[in-house]
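Reader: Hi, could you walk me through this one? I'd like to begin with the ligands and then get to the sheets.

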Amino acid sequence: MITVAEALDRVLALAPAPVPETVPLTEAHGRALLAPAVSRLTQPPFDASAMDGYAMRTADLDQALEVIGTSAAGHPWAGTPRPGTAIRIFTGAPVPAGYDHVELQENIDRDGDRITVTTRSRGANIRPRGNDFATGQAIAPGGRLSAAQIGLLAAMNLPDVTVARRPIVAILAGGDELVPPGAIPAPGQIISSNDLALAALVRDAGGIAKILPLARDTEASLRAGFAEAEGADLLVTIGGASVGDHDLIGKIAADLGMDQAFYKVALRPGKPLMAGRIGKTAMLGLPGNPVSAMTCGVLFMQPLIRAMLGLDPQTILQQAVLTCDLPPEGARQHYLRATLRPGTGLPGITPFDDQDSARLALMAQADALLVRPALDPARKAGDQVDHIALPR
Ligand SMILES: Nc1nc2c(c(=O)[nH]1)N[C@H]1C(S)=C(S)[C@@H](COP(=O)(O)OP(=O)(O)OC[C@H]3O[C@@H](n4cnc5c(N)ncnc54)[C@H](O)[C@@H]3O)O[C@H]1N2
Ligand code: MOO
């Protein structure tokens with residue numbers, strides 16, 4: 001069995017180079033920019049007033065002034081400036097050439113068209129043309145486009161940007177015991193939950209999830225499912241990964257010419273994980289136990305989707321302080337479902353007593369996966385440990 005780190009390297013090696021596509025800004029948040037975005041505008045495009053008040057000449061500040069016009073946002077004043085005059089002005093409005101100071105209206109006495117400055121502000125209250133950004137200025141490719149960057153791209157008058165195409169992830173759950181949510185399960189049947197949970201993880205990571213119809217435990221049904229995944233960037237199968245008589249995924253994938261990257265990882269839960277490539281489609285074969293499937297989804301599927309999107313694939317490890325003693329670990333790296341509580345410094349982390357990989361209700365209560373390396377010695381309350389925060 002290979003280690004989790006080695007398995008992750010091999011999974012990430014399945015990611016093709018991100019495919020560029022041009023999308024409207026409304027579709028770009030959270031995606032990686034693949035080409036420089038070059039501003040088409042200068043901002044502000046003119047010297048702009050930072051306050052509501054009056055534009056005037058610094059040289060005239062000590063005398064009474066005549067108000068000869070108004071400049072409002074979107075409505076510049078088009079008159080001719082003269083010494084001894086002022087322009088009524090509002091925030092964001094162009095400061096007419098010939099005036100170099102804006103005084104706040106709170107600092108002005110006005111009588112008809114005559115004003116005098118009662119208090120003089122320290123600065124000029126003018127935002128010079130181009131002080132935010134200028135035409136030709138570029139946002140470099142790479143990284144995840146933030147909300148502020150989406151706003152900046154819009155201000156730069158770039159309604160479309162080139163980002164990585166969202167990978168299409170086909171999700172194939174299988175098993176004779178499974179029926180979809182809403183159906184009435186016959187004796188021996190349960191509701192299929194993994195496909196929906198994994199689809200949510202796909203969307204969280206930025207992919208497009210395509211849930212395929214549930215497959216039966218027959219080669220014909222599973223083959224039909226594999227065929228439906230044709231054209232997807234990634235096929236994620238769930239269940240049928242182990243050694244039982246009905247665990248057919250490995251056989252079918254091999255029959256279809258899968259170039260296998262690995263089968264089985266020193267990981268708990270999730271040991272029977274499989275990865276490889278069938279033609280142009282990357283494949284992850286996840287174990288069927290709900291917690292195992294989700295853990296593999298967080299540890300391997302989401303990083304692979306992020307890599308396909310040109311984003312940093314690495315999962316962030318955070319630190320917390322154990323609230324209880326833990327026994328020594330076995331030979332597999334262990335991801336324990338745990339709750340986090342704020343502490344004085346680092347948060348306190350408490351794993352659930354029951355770590356059964358079928359207990360989805362506990363997974364749903366968990367804040368984090370506490371990471372214990374293979375063969376980790378016993379730990380004491382107060383020890384610092386790593387965890388992966390689970391998305392809510
Ligand atoms: N003799 C051995 N038995 C098992 C081993 C082993 O090494 N030797 N490994 C165990 C481990 S660890 C895991 S994990 C599971 C993995 O099994 P499969 O991937 O073959 O999954 P299934 O047998 O199909 O299902 C396991 C479990 O999960 C339920 N399931 C499956 N799909 C769904 C779904 N879409 N929604 C909800 N629940 C699902 C299924 O009903 C089973 O209860 O194998 C162990 N056995
Ligand atoms: O590897 Mo299994 O996922 O422990 O239940």
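Author: Happy to. Around ligand 2 sit Arg268, Pro269, Gly270, Lys271, Pro287, Asn289, Ser292 and Ser357, where a residue is near a molecule or strand if its C-beta atom, placed from the backbone, lies within 6 Å of it. This is a predicted model, in which local features need pLDDT of at least 70, side-chain atom pairs count only at pLDDT 80 or more, and totals for chains, interfaces and linings use all residues. Residues are numbered from 1 along each chain as its sequence is written, while chains are lettered from A and ligands numbered from 1 in the order in which they are written.

Reader: Thanks! How many nonpolar, polar and charged residues does the shell around ligand 2 have?

Author: The ligand 2 shell has two nonpolar, four polar and two charged residues. Here Ala, Val, Leu, Ile, Met, Phe, Trp, Tyr, Cys and Pro count as nonpolar, Asp, Glu, Lys and Arg as charged, and the others, Gly among them, as polar.

Reader: And which residues are closest to ligand 1?

Author: Gly239, Ala241, Ser242, Pro287 and Gly288 are the closest, out of 26 residues that surround ligand 1. The elements giving two or more residues to that shell are α3 (194-205) and α6 (290-308); helices (H or I, at least four residues) and strands (E, at least two) are DSSP runs, numbered from the N terminus. By class, the ligand 1 shell divides into ten nonpolar, twelve polar and four charged residues.

Reader: Let's zoom out. What domains is the protein divided into?

Author: There is domain 1 (4-18 + 165-308), domain 2 (25-43 + 134-164), domain 3 (48-127) and domain 4 (318-389), with bounds that come from an automatic or database domain assignment. The centres of domain 3 and domain 4, taken over C-alpha atoms, are 63 Å apart.

Reader: What does UniProt list for residues 170-307?

Author: An unreviewed UniProt entry lists them as "domain: MoaB/Mog"; UniProt positions are given in the numbering used here, feature names are shortened, and annotations may be inferred rather than shown by experiment. In the model, residues 170-307 are 34% helix and 25% strand, and their end C-alpha atoms lie 17 Å apart.

Reader: Nice. What's the strand order in the sheet with β13?

Author: That open sheet of six strands runs β16-β13-β17-β21-β20-β18, with mixed pairing; two strands pair if DSSP finds at least two bridges between them. β16 (208-211) and β18 (259-263) are at the edges with a single partner strand each, so one side of each has no neighbour in the sheet. From one strand to the next, the twist averages 20°, where axes are lines fitted to C-alpha atoms, for helices over the stretch in contact, and angles run from 0 to 180 degrees between N-to-C directions.

Reader: Which helix touches β18 and β20?

Author: Helix α1 (residues 4-12) packs on the sheet there, its direction making about 160° with that of β18; two residues are in contact if their C-beta atoms, placed from the backbone, lie within 7 Å. Helix α3 lies across β13, β16 and β17, at about 165° to β13.

Reader: How do β13 and β17 run, parallel or antiparallel?

Author: Strands β13 (residues 168-173) and β17 (residues 234-238) run parallel, joined by five bridges. Alanine 170 stands opposite leucine 235 in β17.

Reader: Last one: what about the sheet with β9?

Author: This open sheet of six strands has the order β7-β4-β6-β5-β9-β8, also with mixed pairing. Its edge strands are β7 (101-104) and β8 (108-111), and the twist averages 40° from one strand to the next. Isoleucine 115 in β9 is the bridge partner of arginine 110 and of leucine 65.
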